[in-house]
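Okay, thanks for making time, everyone. Let me put the model up on the screen and we can walk through a few spots together.

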Amino acid sequence: MRKSSISLFSHLSRRSSKSFSPLLSRNYISDPLSSSPSSSSPTRFRSCTQLHGLVFKNTQFQANPSRNMDTLAPQMSSRQRKTKERSELEDAFESATTSEEMRRAFKEMESVFGEKELALACLKLGLKLDQEGEDPEQTLSFATRAFNAFNKEDDDSDSSSGNKPSFLVAMALQLMGSANYSLKRFNDSLGYLNRANRMLGRLEEEGCNVGDIRPVLHAVQLELANVKTAMGRREEALENLRRCLEIKELMLEKDSKELGKANRDLAEAYVAVLNFREALGFCRKALEIHKEQLGQNSVEVAHDRRLLGVIYTGLEEHEKALEQNMLSQKVLKNWGLGSDLLRAEIDSANMQIALGKYDDAINTLKGVVQQTDKDSETRALVFISMGKALCNQEKFSDAKRCLEIACGILDKKERAAPVDVAEAYSEISMQYETMNEFETAISLLKRTLALLEKLPQEQHSEGSVSARIGWLLLLTGKVSQAIPYLESAAERLKESFGPKHFGVGYIYNNLGAAYLELDRPQSAAQMFAVAKDIMDVALGPHHADSIEACQNLSKAYDAMKSYALAIQFQQQVVDAWENHGPSAHDELREAQRLLEELRKKARGTFLNDERSIKALPLPQTHPSARSSQADFL
């Protein structure tokens, strides 16, 4: 996501060329305009109005009359000379266009102006440096100076008025939050941004000009989303992104193309956490706005359609996905956007694979590979998809050759593009898993994990990969090795998605299976109980996987010879399968058989202690409906 300093710098620096007003004036007037959309960053807002009071005084100086020999130049007093010097320094700072020019002008101003008088200049220079992103330490220094000066001014002037929050203090806090984010001091950043958010909320409640507040409030919400994403708290970040969209809806025209871009940004954020159902509505809204404003053949419409294809794939509506992808390709081809077109063609091949059209997919990929550079990441993606198609045709030798070529390319890209490479390794490992090459799959996942552990913003991916490693180790009988990976995965994913996310439930279920395999039934029962509670909330008590977790809990109590509890949970299993009707006839019969065995054990007439605990594989589809491709990994 793009940093918000660009829009704030514009908001702060616009002014009328002839209008001067007192230093530190609070009379902001703002009119946000949409800018040209960026394909990968949130909206930028520009202000077309003047900022009254950036290091300017009311005095306007006229040029001296003609200096010929017959005219005596008027003598200026010492006070007038100082006033003129200050005005010239202010003009030099205001007319500076680069950060270097601004720094030079500011250095000269420091010898003339006091710290309180320099506050706005500190803020403006800090925003300029933050916009360039090259010196976050110095950005933080200027932001802190501005904050201290504004805060002291408020203490001096507002002590008798209830210490009302200052708009400029909030702007300084936003900049301090942004600088700390750049320095990867995420906790500090979050503290400053939350404080700025509270202050702006109070100002809004007190009736402050919303034209002033909204651009800054949007910047704070966007930065909060950045920080929470970097901390792995993606679900919370989505709430801030939704707030960003709400603010834009208040600031922009109803069908503004920039509002369309904002809807697509939010859809992409939901896709990143595999919430395809939420993403669908926002992507459709973006497409509707862009078609209306730009026409069917615009690049923005092509990007919307490509994203819509990804979303439909996630929802397992592959025919719709392919239709949107083909429409997107047509536009991208007309505009000559070769790189985007190649990615769209790879997406198309993956959709054909999902539809079982393996030969069509291979033919598509053969056409794409001819257009790629030998060591390009795009070429690696082609071979990964080719391997997937061949794997589905059970041509395992050919599939492995394709995957080996892809790995050879990706190995050289680890430093430059660690996130993309990690995602590719994870995809390749799935194909080796399909071919029952579990050791190779685990090895690739460990390489993936090594890359992700260095990237705090990928904590959710780190947790998912750890969960898959733990599952595969459990599957291959390496139970003791599996437990640390599963425990780590549970902690990472709770931090990222909250403690009641369905994926966390699957991990606890697998932890229970591992503990039971190690003959630790009490620990197993604890894990199964947590898994059941999570799945009942996330999926509902009658979902097949929730029922399986309940079944496992019954078996754990059976292993502990706590037959009363085992019977209680087994009865819940029977009741749940009965609610499924005729479609669950076999499952119901098995549940009833196990319930009768438990009753016999409780009566002391059945002594067979055989048990089979089922570890649940991590879901390949969103478990809430079995219709969305919310692959947890």
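This is a predicted model: local features need pLDDT of at least 70, side-chain atom pairs count only at pLDDT 80 or more; totals for chains, interfaces and linings use all residues.

Residues are numbered from 1 along each chain as its sequence is written, and side-chain values use heavy atoms, with hydrogens and water left out.

On confidence, meaning pLDDT, the predictor's own score for each residue from 0 to 100: the chain has a mean of 83, with 82% of its residues at 70 or more. Contact here means heavy atoms within 4.5 Å.

Now the helices, which are DSSP runs of H or I, at least four residues, numbered from the N terminus. Take H8, residues 210-230, and H9, residues 234-251: their axes are 8 Å apart, at an angle of about 160 degrees. Axes are lines fitted to C-alpha atoms over the stretch in contact, and angles run from 0 to 180 degrees between N-to-C directions. So H8 and H9 are roughly antiparallel, the word for angles over 145, with under 35 being roughly parallel. Their crossing is left-handed, that is, the near helix is turned anticlockwise from the far one by less than a right angle.

Who meets whom? On the H8 side we have, among others, Leu-217, Leu-224 and Ala-225, and on the H9 side residues including Leu-241, Ile-247 and Met-251. By class, that contact has 11 nonpolar, 4 polar and 6 charged residues. Nonpolar is Ala, Val, Leu, Ile, Met, Phe, Trp, Tyr, Cys and Pro, charged is Asp, Glu, Lys and Arg, and the others, Gly among them, are polar.

Next, H16, residues 377-392, and H18, residues 418-434, whose axes come within 10 Å and cross at roughly 15 degrees. That pair is therefore roughly parallel, and H16 passes H18 in a left-handed crossing. Ile-384 and Lys-388 are among the H16 residues involved, and Ala-424 and Ile-428 among those of H18.

Phe-106 and Phe-142 have ring centres 5.3 Å apart and planes at 90 degrees, so they're edge-to-face. Phe-106 is in H3, residues 99-110, and Phe-142 in H5, residues 136-157, so to say 36 residues apart, and the pair links distant parts of the chain.

Terms used:
Helices (H or I, at least four residues) and strands (E, at least two) are DSSP runs, numbered from the N terminus. Angles under 35 degrees count as roughly parallel, over 145 as roughly antiparallel, 65 to 115 as roughly perpendicular and the rest as oblique. Rings of Phe, Tyr and Trp (its six-membered ring) pair if their centres lie within 6.5 Å; planes under 30 degrees apart count as stacked, over 60 as edge-to-face and the rest as tilted.
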